[in-house]
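Dear colleague,

I am passing on to you the structure that follows, together with some notes on what was found in it. Please read the notes with the structure open beside them.

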Amino acid sequence: MTPNPHQPPVPPLPAVTTLLFDIDNTLIPTRAIWQSALDTVATRLAGAHPSVSAGVIASTYVHTSDRLWGDYDRALAPLGSHTAARRHVWELALREAGIDLTQRQLTTHIDDFAHRQMRAIRPEPATVAAFRRLAEVYQLGVVTNGDSDQQHAKLERAGLDPYFETVVCALGNGHRKPHPAPFHRACDDLAVRPEQCLYVGDEWADDVVGAHAAGLHPVWITPTGQPPPASAPATRFTSLASCLRALCDHAASRPIRETEPT
C-alpha cells in the first residue's frame, strides 16, 4: 500500500479493551448525504416557488440549521424532541427564504428530506468486515449526540448495528458531548474504566476534547489532515478506513475474546 503523504505517522495506540465511535461524519458520511438530499429537495421547492432559486433555499437552510443546532441547548432543546427541532429549523429557514407552506406540506417535505438521507446509507463491505474483526477482540460501542431512533436506524442501514454492545444517544437524554456524561454512560454500560477506552470521532471540540476530558483516549478523523487547533493527545487519521486498518492491525496481536458480543 502506498503511504499517504498527508497521513501523519501512527504512534502506538494505547492498550485498551474497548473502542467507542461517533456516528455522524465518522462511521457514516452524514454531511455529504445531507447535502445531496438538501440539493434535491431545494430543487423541488424551487420548482413550486419560481421566485426563489434552489441555491437560495439550500444556502438559507444551511445557515439556519448550523446556527440553531450550534446553539442547541438554548434554541432547540426546549422544543422537547428531535422531530420538533427539525420542524422548527425548516419553518424558520423557509420563512427567511420567502416560502410559505401549509402544515401538511411542511410535514411532507420534512419527511421526504429525512427519508432521502436514510435511503442513501448503504453498507460498506470493507467497513463491515473491519468491525466484524474488531468485535472478536474488543468491546464496541457508540457515543453520539443524535436521537435514538434515527441513530439506530443509521447503524442498521450501514450494517453495523450488530457489532455495538451499547449505543449512547445524548439528544434528549441529558448532557451532550463534549460533556463527560455520555462518555461515562457508555463506560458504565460496558463495565469499563474510561482509560480502557479509545474514542474515535471527527469533531475536535465534541469528540477529541470531550473524550480526553472524560478520561478516554481520543482518535481524531480529520480528512484534510489539518493540525489540531489546540494541544491534545489525539492520534490522527485522514479517514475512517485508515483508522480501521490500524485498529485491525493492533487487533491481530490480541487474543480473541472469550465471550462474543450479543
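Helices and strands are DSSP runs numbered from the N terminus, where a helix is a run of H or I of at least four residues and a strand is a run of E of at least two. The place of Pro 178, for instance, is in the loop between strand 3 and helix 8 (residues 180-190), and the peptide bond that leads from Lys 177 to Pro 178 is cis, with omega near 15°.

Before going further, please note that this is a predicted model, in which local features need pLDDT of at least 70 and side-chain atom pairs count only at pLDDT 80 or more, while totals for chains, interfaces and linings use all residues. Residues are numbered from 1 along each chain as its sequence is written, and side-chain values use heavy atoms, with hydrogens and water left out.

Let me begin with the helices. Two packed helices are described by the angle between their axes and the distance between the axes. Here the axes are lines fitted to C-alpha atoms, for helices over the stretch in contact, and the angles run from 0 to 180 degrees between N-to-C directions. Helix 1 (residues 30-48) packs with helix 5 (residues 103-119) at an angle of about 145°, and their axes are 9 Å apart. In contact (heavy atoms within 4.5 Å), helix 1 brings Ile 33, Trp 34, Ala 37, Leu 38, Thr 40, Val 41, Arg 44 and Leu 45 to His 109, Asp 112, Phe 113, Arg 116 and Gln 117 of helix 5. The residues of this contact divide into seven nonpolar, three polar and three charged, where Ala, Val, Leu, Ile, Met, Phe, Trp, Tyr, Cys and Pro count as nonpolar, Asp, Glu, Lys and Arg as charged, and the others, Gly among them, as polar.

Helix 5 also has a contact with helix 7 (residues 148-157), and the axes of these two come within 10 Å and cross at roughly 35°. Ala 114, Met 118 and Arg 119 in helix 5 meet Gln 150, Ala 153, Lys 154 and Arg 157 in helix 7, and by class this contact has three nonpolar, one polar and three charged residues.

Turning to the interior, a residue is called buried when its relative accessible area is under 20%, exposed when it is over 50%, and partly exposed in between (1.4 Å probe, protein chains only). A nonpolar core is a set of buried Ala, Val, Leu, Ile, Met, Phe, Trp, Tyr and Cys residues joined through side-chain atoms within 4.5 Å. The largest such core has 38 residues, and those with the most contacts inside it are Phe 21, Leu 27, Phe 131, Leu 134, Leu 140 and Phe 164. Several elements each supply at least two residues of this core, including strand 1 (18-21), helix 6 (125-134) and helix 10 (240-251), and helix 10 gives the most, with seven residues. Apart from this core lies another, of 28 residues, among them Leu 38, Val 41, Leu 45 and Ala 46.

Some residues in loops are buried as well. Leu 101, in the loop between helix 4 (82-97) and helix 5, counts as buried because its relative accessibility is 16%. Leaving aside neighbours within four places in sequence, Leu 101 is in contact with Leu 45, His 49, Leu 94 and Leu 106.

Cys 197 is in none, and the nearest cysteine sulfur, that of Cys 187, is 3.8 Å away. The sulfur of Cys 248 is 9.4 Å from the closest cysteine sulfur, in Cys 243, which is too far for a bond.

With best wishes

Conventions. A disulfide is a pair of cysteine sulfur atoms within 2.5 Å.
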